[in-house]
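Here is a structure to read piece by piece. Take a look at it first, then follow the paragraphs below.

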Amino acid sequence: MVIHVQSVSKKFPDGKGERWVIKDVSFNIEPHQATVIRGPSGVGKTTLLNLIAGLIQPDNGEIELILKDSAVSTSLNRLNTRELLRFRRDHIGFVYQFFNLVPTLTVQENVLLPLALTKREHLREQALDRLQKLGLQSHLNAFPAQLSGGEQQRAAIARAVAHEPQFLFADEPTGNLDAENSAEVFKLLWDEHERLGTNLVVATHSDDIGAYAARTIHLA
Amino acid sequence: MILLIRSQWRDLISRPIVLIALLANLVLALFAITVVHVTSHTLVHEFVEGPPQSSYHYVVPFPDNRESSYFRLRERWRAGELPEIVGMVPVVEGNLEIGGRAIPLIGIDLISDSQATFDLRDGQISTHLVTQDSVIVFGEDLVNTTFPNDIKVLEFRSSAQTFLLADIATAQNLLDRKGEIDAAWLRYNQVPVWEWMEHLSPGISTGLGFSRPEISLTDLNIESMDFWQPTQTFVGSIAFNMGLLGMLAVLVSGFIVYESTVRSIERREQEFDRLQAIGVSVLQIRSVLILEATALVLSSVLVAAILALVFLRQNSLIINVPKTTFLIATSKGLVLGMSTALIGVILAFTRQLRKVSWLVLVLGVVATVAMLCFGIWMTTTLVGAYLAVFALCVLHIIALTPAIVRFLDAFLPRFKPKSLISRINVRATCQHLKQAKFATIAFSLAIATAIGITLMVGSLRTDFIKLLEVRLPPGIQLREASAADPMIIRQWTGVEEVREYYRGEGNLSIGKTDVIATSLDEFEARRFGYEYDIDRVGVYVNEKVAAQLQANVGDDLELKLPSMTPIDLPIIHIFKSYGEMSRVVLLPNNQVFSNQLVRDRLLIVVQPDSISAIERKLQETYPSATVLNHTEIREQAVHIFNRTFALTNLIALIAVAVAVIGLFNSALAMQGAKRAEYRLLNTLGFSRLALFRQSFTQSSLLGVVCCLLSVPLGIGIAWILCELVNPRAFQWTISLHLAPMTLGYPLLLGLSAAVLASVLPWIFVSRSSK
Ligand SMILES: Nc1ncnc2c1ncn2[C@@H]1O[C@H](COP(=O)(O)OP(=O)(O)OP(=O)(O)O)[C@@H](O)[C@H]1O
Ligand SMILES: [Mg+2]
């Protein structure tokens with residue numbers, strides 16, 4: 001439930017040369033903490049989030065995630081692709097700005113997908129209840145394309161937390177939404193974080209989440 | 001405008017794979033057109049038989065063989081009957097024995113028609129070259145033969161057929177038929193339109209059953225010369241088939257151009273809207289797209305022409321490539337390619353066209369079904385058969401495929417496999433099918449054609465090999481064997497039997513026929529698949545004779561042999577003779593006493609262990625004769641058969657390749673949208689392998705659906721080819737064998753091609769997103 005980021009750097013090829021997007025970043029995130037990553041566009045928020053989620057590998061430094069009830073820390077650098085995949089599947093939930101749902105699955109099926117993948121079918125009832133609570137009961141058998149942007153993000157949250165992961169990452173989850181919807185989405189994220197006791201990390205421009213967050217990391 | 005073109009150009013080269021695929025598809029289709037055209041043109045012109053292609057168009061046979069009949073006809077013509085005819089010559093025909101073979105001799109009168117010409121491969125020859133008492137020999141195969149003393153050879157000419165041409169008096173002398181005339185040949189005053197059409201599409205006149213206008217006299221029979229050229233009909237039909245296949249390749253590539261244009265327009269819809277907002281006219285945008293299509297087609301034509309030239313040079317089937325034919329073929333490809341591409345682009349702009357009202361659809365289906373029924377039952381022409389094929393394809397395009405896609409679309413979402421991943425696969429396949437409807441149609445059309453052709457050729461091959469097995473029992477054939485003495489050969493150890501065959505040409509009421517006279521005993525009956533009955537005396541005819549005479553077993557056949565009274569015998573058996581283009585009549589040899597038939601073949605039945613010894617002995621004893629082992633002939637026949645159809649297979653393969661590129665293109669377009677989905681699934685914990693497996697499953701499902709779609713159409717095409725095209729074109733029947741192996745091959749080909757075409761883009765996408 002703890003995230004240690006230790007002098008992590010990441011570079012990308014840029015034209016002919018290379019460019020360091022993340023340079024020597026370190027921070028710790030305590031259990032059950034909600035964290036906001038802020039910074040101007042292009043500063044590397046998405047990159048940092050992808051690093052913590054193990055979707056890309058850092059060029060320098062180390063990222064450690066420690067699970068609840070576990071004394072050992074998992075260093076993402078030392079996992080091979082398959083272990084990383086399994087770790088991500090079992091313990092991380094992710095909400096993007098858009099395209100969070102598999103277009104060929106209904107809302108309900110999308111939410112059940114992580115349960116099937118992690119073999120946590122016992123969480124089925126909770127997951128479906130959550131959909132109800134999110135006001136999606138009338139859209140259970142609709143395909144994502146038939147939902148509004150706000151409904152899609154709500155369904156995306158339901159999907160991201162369905163298997164009750166210990167880490168919940170969100171990258172501009174409200175970037176496509178109006179103020180009202182975006183406030184609601186943040187509230188929902190916060191509620192789930194509270195209820196499940198996950199670590200929540202959100203990258204955003206928006207100020208709305210600031211009210212909730214215990215901690216803000218500024219990238220510049 | 002320049003800016004627009006530059007933007008279009010950048011857009012084009014920004015997706016090199018799509019560009020390459022599109023170019024490859026056009027090049028392949030145009031290549032097919034060019035190769036097919038040149039090959040069929042060459043074939044049609046090399047397989048001319050019957051009387052050489054002369055400037056004559058009609059024949060008037062004289063049943064009484066009298067000169068006076070000819071003069072009477074000539075007088076009537078001079079008096080103004082038959083105004084369409086501009087020239088007329090008397091003709092006598094027969095066979096001479098040269099080098100142990102029966103060689104046709106044609107005698108015509110030189111002075112009767114000053115403009116008579118014979119059209120041959122190496123140019124025209126004026127009949128004025130023929131002088132008294134000498135003959136011109138056509139056909140290189142006689143160059144080294146010793147001619148009997150009474151035949152003075154003026155010169156040798158290369159020709160596809162072997163025959164002698166002489167002055168009529170000389171011919172009458174040589175044939176020992178003084179004062180007799182067989183027929184008059186008539187010249188028509190103009191070249192009909194379809195002779196020009198032959199240049200545009202070789203074989204079309206045969207395919208559409210064109211012939212010269214009928215002209216008639218009350219008391220005399222006037223026949224069109226075309227009727228005398230069965231081989232040409234065969235080759236014409238093959239050429240026409242191949243032409244259709246080539247067109248199919250263009251049609252399929254037209255679908256692909258259409259689809260890729262629609263995609264490009266959809267993808268850039270917003271961009272086009274913006275452009276219009278800043279004052280660019282719709283026309284300008286369209287012109288840029290049309291310009292793009294033109295540039296693509298032009299470069300493809302160039303590449304295709306070069307490829308075709310290289311291919312044709314390498315191909316042993318074609319000896320030389322005539323320049324004009326090649327140019328015609330290339331420009332035909334250019335025109336067809338341009339028009340399909342342009343129609344594709346223009347159609348892509350007209351959105352209304354994509355929604356057809358139900359009424360129009362129902363009317364269309366009814367009309368097509370009517371066309372199908374007409375082609376099958378109401379007519380017996382070849383064009384009817386092709387109409388049926390066409391109608392079947394149209395039904396497939398407008399009714400069957402959309403209906404099945406609709407059904408799957410409505411039904412599949414209700415079908416819920418337990419695993420969510422399977423659900424994704426099934427639904428994604430369904431979506432792909434719907435979005436890439438044209439690629440699906442084009443693909444299934446191509447596979448269906450491949451199935452149809454393969455089934456037909458496979459069935460023909462099965463029947464043909466079965467036939468060869470009984471027709472050519474173990475034994476040795478001696479050809480050009482008039483010098484050989486069967487009595488002597490019978491004495492050799494190891495020889496069980498020596499059978500004699502007399503051969504020559506005769507006349508039926510429908511025209512010339514090959515005549516073979518032999519002892520029609522139990523042995524011969526077995527060879528021709530007849531249940532021997534000692535009490536029945538009569539002739540065997542091949543299917544061609546029976547079909548053209550509309551005769552059945554039991555009907556009487558009237559046959560005229562030169563210098564003999566007509567023979568009148570019942571038909572006791574109709575036999576198949578695949579690959580034989582001519583009419584064949586088999587006579588019991590005790591009925592024939594004609595000096596016009598030459599005993600030029602022997603069949604020597606030998607004990608199995610002495611075959612090679614006897615073969616050698618025959619060669620030594622009769623060096624001028626040709627010794628052929630039946631087993632070898634059989635192998636050779638199968639070999640020739642396979643070669644003739646190799647080109648057909650090649651073209652079917654090209655059609656499939658073109659369709660595969662279309663499928664690839666549409667899969668590529670769709671993978672763009674899939675990139676986001678793959679990223680999502682990847683964060684959810686799908687490994688690259690799992691994603692590949694998923695992509696592979698979806699491709700296979702798509703391939704299976706496409707292939708299943710093409711099976712009914714393929715079998716339909718095969719049925720029409722076997723039951724309608726072949727009997728109507730060649731007058732032989734093939735029984736359709738639905739052998740699983742034969743059906744499986746094109747299906748497997750299609751399935752693997754479909755999977756490959758849809759999985760490859762995945763590999764590209766996963767590479768580029770890494
Ligand atoms: N795969 C990549 N290859 C090359 N450069 C990349 C790649 N991913 C990101 N970058 C670059 O890294 C920088 C940071 O990108 P990132 O998406 O992390 O920024 P961000 O803070 O999320 O911006 P925004 O607020 O606009 O989403 C950008 O300049 C981007 O061009
Ligand atoms: Mg970002």
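Buried means under 20% relative accessible area, exposed means over 50%, and partly exposed lies in between (1.4 Å probe, protein chains only). This is a predicted model, in which local features need pLDDT of at least 70, side-chain atom pairs count only at pLDDT 80 or more, and totals for chains, interfaces and linings use all residues. Residues are numbered from 1 along each chain as its sequence is written, chains are lettered from A and ligands numbered from 1 in the order in which they are written, and side-chain values use heavy atoms, with hydrogens and water left out.

Start with charge pairs in chain A. Side chains of opposite charge can pair when their charged atoms come close. A salt bridge here is a side-chain nitrogen of Lys or Arg within 4 Å of a carboxyl oxygen of Asp or Glu. Glu192(A) and Arg130(A) form one, at 3.2 Å from N to O. Glu192(A) sits in helix H6 (residues 179-196) and Arg130(A) in helix H4 (residues 124-133), so the pair ties together parts 62 residues apart in sequence. Helices (H or I, at least four residues) and strands (E, at least two) are DSSP runs, numbered from the N terminus. Glu192(A) is buried, at 7% relative accessibility. Arg130(A) is buried too, at 3%.

Now take Arg78(A). Its salt bridge partner is Glu62(A), with the closest N and O atoms 3.0 Å apart. Arg78(A) lies in the loop between strand S5 (73-75) and helix H2 (81-91) of chain A, and Glu62(A) in strand S4 (residues 60-66), so the pair ties together parts 16 residues apart in sequence. Arg78(A) is exposed, at 65%. Over all chains, the structure holds 23 salt bridges.

Move to chain B and its helix H3. Which residues of H3(B) are buried? They include Tyr70(B), Leu73(B) and Trp77(B). Seen down the axis of H3(B), the buried residues fall within an arc of 135°, so they line one face of the helix. That arc is taken from the directions from the helix axis to the C-beta atoms. On the other side, Arg72(B), Glu75(B) and Arg78(B) are exposed. Just after H3(B), Gly80(B) takes a positive phi of about 115°.

End with helix H11 (residues 358-378) of chain B, where Thr368(B) is found. Thr368(B) is buried, with a relative accessible area of 5%. Leaving aside neighbours within four places in sequence, Thr368(B) is in contact (heavy atoms within 4.5 Å) with Ala391(B), Val394(B), Leu395(B) and Ile398(B).
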